[in-house]
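Reader: I have a structure open and some questions about it. Can we go through it together?
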Amino acid sequence: MNLDFSRVTPSLPYILEGIYITLQVVALAALLGFALGIILSLFKISSIKPLNWLADFYTSIFRGTPLVLQLMLIYFGSPQVFGIQIEPFTAAFLSFGLNSAAYISEIIRAGILAVDKGQKEAAVALGVPYRKMMTDIILPQAMKNILPALMNEMITLTKESAVVTIIGLNDIMRRAYIVGGQSYRFFEPILIAGLVYYVLVMILTIAGKLVERRMRRSD
Amino acid sequence: MIKIDNLHKNFEKLEVLKGINTGIKEGEVVAIIGPSGSGKSTLLRCINLLEQPTEGSIWINGEEITSKKTNILKVRAKVGMVFQHFHLFPHKTVLQNLTYAPIKVKGLTKKEAEGKGRDLLQRVGLAEKADEYPSRLSGGQKQRVAIARALAMDPEVMLFDEPTSALDPEMVKEVLEVMKSLAHTGMTMAIVTHEMGFAREVADRVLFLDGGQLVEDAKPSEFFSSPKTQRAKDFLEKIL
């Protein structure tokens, strides 16, 4: 095996700058996915049937089709649907966020259902309104249980974000690919990109463990 | 203070309460006893609408809480409830358990609620546990905190659903002591219990339920020494 990084090292800063783009996409997608995921999960456990159907339908669409297809639909479909071409960046975080919301809503729903129903009764018996009960009593306990699953989703999101290459967003993956094309050596830049993703995921994993430990304080 | 009129409760096809008529006077301590499945807990849970009655009505202080116009949350804020399994909020400290509802429901300031919370903890003998999490407490301590949590809302009546049934035997007494002292302050109380000694000593009245019906309603001294019905006799024979 002949590895030669010398022709790639000048482009290293260029590849690393992609981290910024990747992180932005992931962070916005995670926020969108989490916010929408909570709303969808509340729809799913609601006693109002149409809300159940709506949320289940949403989930089935976004879980039932490939992520890369959703990305392309949003990016290439936007001129026909909205009459404007949206930026690759917008298309990226929108599609990842909307996709992630489907998975996160399932995770949160399971987390809410796993909270002892006595907690709800205790809150209700104290006269606590539904909304406050959810935000102050049920969701914090649900979050604690589902943190590992949420971390998993974040990790998946970080790695899957590499498919934005396909709509030409300059993330880590695409930059590595461009450097490969310019230097006629693909192996080394893509190895570097792999290492960058790995380090990002490791940092996420450690951060997740720290948060989890903090949340387990009350045990 | 509480009036219960022709109360029915069905779960699907199962008829749990078959027309209960009774009442609780202000300051009265009522023990609700009976075999398991007799509807004791359901009766109690109807009083703060944790269960919606299928038929019949309940009044608290002249207000019909079973009416559709009633604000259920307001009713519940006035009725304290203590559960068999405590149901403390595990992610909140003992003091936060006591201050949460007063702040969020009654609109007390944090300072007011904490002052009051600490007083109540003192009263149930757990002042030094204020900043612990519930997981660090014994069962008896948890139940005393749960009682304090309910009292923090200044309820007009306290409901106890088998408050000592989930406790180790050596912890039953500390909880009963707290309840006894609460009864002495003139609190109106309804207690579903299997502690016959406690019912006999503290209660003003005993309601004996069997098969979803109120079979006897008597003073403890009368009920325990000379029950009128055969069903009550059989029940007492089995447990005493």
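Reader: How many cavities of 30 Å³ or more does a search of the whole structure find?
Author: One. Bear in mind that this is a predicted model. The space in that largest cavity comes to about 70 Å³.

Reader: Which residues line the largest cavity?
Author: From chain A there are A:Ala122, A:Ala125 and A:Leu126. From chain B there are B:Arg76, B:Val79, B:Gly80, B:Met81, B:Phe83, B:Ala146, B:Arg149, B:Ala150 and B:Met153. Two or more lining residues come from each of helix 5 (117–125) of chain A, strand 6 (79–82) of chain B and helix 5 (139–151) of chain B.

Reader: What is the lining of the largest cavity by class?
Author: Nine residues are nonpolar, one is polar and two are charged.

Reader: OK, pockets now. How much space lies in the largest pocket?
Author: About 490 Å³. Its lining has 23 residues, and those nearest the centre are A:Lys120, A:Val124, A:Tyr130, A:Met133 and A:Met134.

Reader: Which elements each supply at least two residues of that lining?
Author: In chain A, helix 4, helix 5 and helix 6 (130–160); in chain B, helix 2 (72–78). By class, the lining of the largest pocket has 14 nonpolar, two polar and seven charged residues.

Reader: And the second largest pocket, what lines it?
Author: Chain A gives A:Pro140, A:Gln141, A:Lys144, A:Arg214, A:Met215, A:Arg217 and A:Ser218, while chain B gives B:Pro90, B:His91 and B:Tyr133. Helix 6 and helix 8 (187–215) of chain A are the elements with two or more residues in this lining. The volume of the second largest pocket is about 240 Å³.

Reader: Which element has the largest share of that lining?
Author: Helix 6 of chain A, with three residues. Sorted by class, the second largest pocket is lined by four nonpolar, three polar and three charged residues.

Reader: Back to helix 4 of chain A. What should it span, and what are its ends doing?
Author: Helix 4 covers residues 88–114, which is 27 residues. At 1.5 Å a residue they should span 39 Å, and the end C-alpha atoms are 39 Å apart, so the two agree.

Reader: Where is the kink in helix 4 centred?
Author: On A:Ala101, with an angle of about 25 degrees.

Reader: Different topic. What does UniProt say about chain A?
Author: An unreviewed UniProt entry annotates residues 19–208 of chain A as "domain: ABC transmembrane type-1". In the model, residues 19–208 of chain A are 84% helix and 0% strand, with the end C-alpha atoms 19 Å apart.

Reader: Where does UniProt place the feature "transmembrane region"?
Author: The unreviewed entry puts it at residues 20–43, 55–76 and 190–211 of chain A. Residues 20–43 of chain A are 100% helix and 0% strand in the model, and their end C-alpha atoms lie 34 Å apart. Residues 190–211 of chain A are also 100% helix and 0% strand, with end C-alpha atoms 32 Å apart.

Reader: Why does A:Leu42 count as partly exposed?
Author: Because its relative accessibility is 25%, and partly exposed lies between under 20% for buried and over 50% for exposed.

Reader: How far is A:Leu42 from A:Arg213?
Author: Their C-alpha atoms are separated by 26 Å, and the two are 171 residues apart along the chain.

Conventions
Residues numbered from 1 in each chain as written. Chains lettered and ligands numbered in written order. Predicted model: local features only at pLDDT ≥ 70, side-chain atom pairs only at ≥ 80, totals over all residues. Heavy atoms only, no water. UniProt positions renumbered as here; feature names shortened; annotations may be inferred. Helix = DSSP H or I, 4+ residues; strand = E, 2+ residues; numbered from the N terminus. Expected span 1.5 Å × (residues − 1). Bend = angle between axes of the 7 residues up to and from the residue. 1 Å grid on protein atoms, 1.4 Å probe; cavity = no way out; pocket = protein on both sides within 12 Å on 5 of 7 lines; lining within 4 Å. Points joined across faces, edges and corners; volume = space filled by probe spheres on them. Nonpolar A, V, L, I, M, F, W, Y, C, P; charged D, E, K, R; others polar. Buried < 20%, exposed > 50% of the residue type's maximum accessible area, 1.4 Å probe, protein only.
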